[in-house]
Amino acid sequence: MTSRSSLLLASALAAVSLLFTAPAPASASPAFESPAPSLAPAPFLAPASASAGLAPANACFTWNRSLGEGTSGEDVRQLQIRVAGYPGFGGELAIDGEFGPATRAAVQRFQAAYGLEADGIAGPLTFGKLYELQKGDCSPANFDWSELNQCGTDWSGGQVDAGTVRANVLVTMWKLQALRHAMGDRPIGINDGFRDHACNDAVGGAPDSLHMYGLAADMSAGSQGFCALALEAREHGFTQILGPGYPDHDDHVHVAGGTGRHWSAPDCGI
């Protein structure tokens, strides 16, 4: 082969090679300059039967982990407020931020009441139901702060400071929500809630009425009837129940928490 032929053959082979070789970009960016995917928060440690993933952020309170026996903290306390209406017959759940057997049992009752797996572990499905039930101001779906403050005060002037009153009222509302659900989700009218001293005096309330602590509510009867409300209230964290047959309580049912048990509605068999 002549020298000229060899050169022509080499040039042809080089051209063919270029057809199958992808050119390198003029200035490839280093790998670390590529935007990294955003990291999602760690998922709940939920039971295997629960759906994976996090419940969405909530305007009132957002839980960021699953909760079971042995956990503690503000997220446990917030959970306890919302399951305070599920302590079982004659019970009252401590709102102390410690997840013990009583809290587990209350969570189980709440889960069963809403058709969830009653495993006593608060995970995405349980929190999802709580998000459905609570409004942005933390009150439950079917009760409003104004219903529990018909005297129109700023929550001050009672037997404890305004912050404590509001905390107590919130627990009372969630107990009422549990009672309402147990009664077929039929409306429950509220005649009275928190009273300051002036309001309590005006209605002739007891000198140390639990209304002045934000612990009490007076219910009117809808289609349920007074006795049905009084009887069912025993399951939902109310340690004080006064109804038909108790002096001056034939036209409403008084419920309260935070004290030793005092139930009296003789006309209802209590």
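These notebook entries record what I looked up in a predicted model.

**Entry 1. Conventions.** I worked on a predicted model, in which local features need pLDDT of at least 70 and side-chain atom pairs count only at pLDDT 80 or more, while totals for chains, interfaces and linings use all residues. Residues are numbered from 1 along each chain as its sequence is written, and side-chain values use heavy atoms, with hydrogens and water left out.

**Entry 2. Aromatic pairs.** I looked up ring pairs of Phe, Tyr and Trp (its six-membered ring), which require centres within 6.5 Å; planes under 30 degrees apart count as stacked, over 60 as edge-to-face and the rest as tilted. By this rule I found 8 aromatic pairs. One of them joins Tyr-86 and Phe-110, edge-to-face, at 5.7 Å centre to centre and 85° between the planes. Tyr-86 lies in the loop between helix H2 (74-82) and helix H3 (101-113) and Phe-110 lies in H3, so this pair ties together parts that are 24 residues apart in sequence. Helices (H or I, at least four residues) and strands (E, at least two) are DSSP runs, numbered from the N terminus. I noted that Tyr-86 and Phe-110 are both buried, where buried means under 20% relative accessible area, exposed over 50% and partly exposed in between (1.4 Å probe, protein chains only).

**Entry 3. Trp-145 and its surroundings.** I next examined the rings of Trp-145 and Trp-155, whose centres are 5.7 Å apart with planes at 80°, so the pair is edge-to-face. Both residues lie in the loop between helix H4 (124-133) and helix H5 (162-182), so the pair ties together parts that are 10 residues apart in sequence. Trp-145 and Trp-155 are both buried. I also found Arg-166 over the face of Trp-145, 4.2 Å from the ring centre. A charge sits over a ring if NZ of Lys or CZ of Arg is within 6 Å of the ring centre and within 35 degrees of the ring normal. Arg-261 lies over the face of Trp-263, 4.4 Å from the ring centre.

**Entry 4. Ring cluster.** I recorded a cluster in which ring pairs link Phe-61, Trp-63, Phe-127 and Tyr-131.

**Entry 5. Helix H2.** I counted 7 of the 9 residues of H2 as buried, so this helix is largely enclosed by the rest of the structure. Among the buried residues are Asp-75, Gln-78 and Arg-82. The buried residues of H2 pack against H3, H4 and H5, with contact meaning heavy atoms within 4.5 Å.

**Entry 6. Asp-144.** I located Asp-144 in the loop between H4 and H5. At 35% relative accessibility, Asp-144 counts as partly exposed. Not counting residues up to four places away in sequence, Asp-144 touches Lys-135 and Met-173. The side chains of Asp-144 and Lys-135 make a polar contact at 3.2 Å. Such a contact is a pair of N or O atoms within 3.5 Å; within protein, one must be able to donate a hydrogen and the other to accept it, and residues adjacent in sequence count only if both atoms are side-chain atoms. Asp-144 and Ile-190 are 46 residues apart in sequence and 10.0 Å apart in space, C-alpha to C-alpha.

**Entry 7. Positive phi.** I checked Cys-138, a residue other than glycine, and found its phi positive, near 80°. Cys-138 lies in the loop between H4 and H5 and counts as buried at 19% relative accessibility. Asp-185, not a glycine either, has a positive phi of about 60°. Asp-185 is in the loop between H5 and strand S1 (189-192) and counts as partly exposed at 34% relative accessibility.
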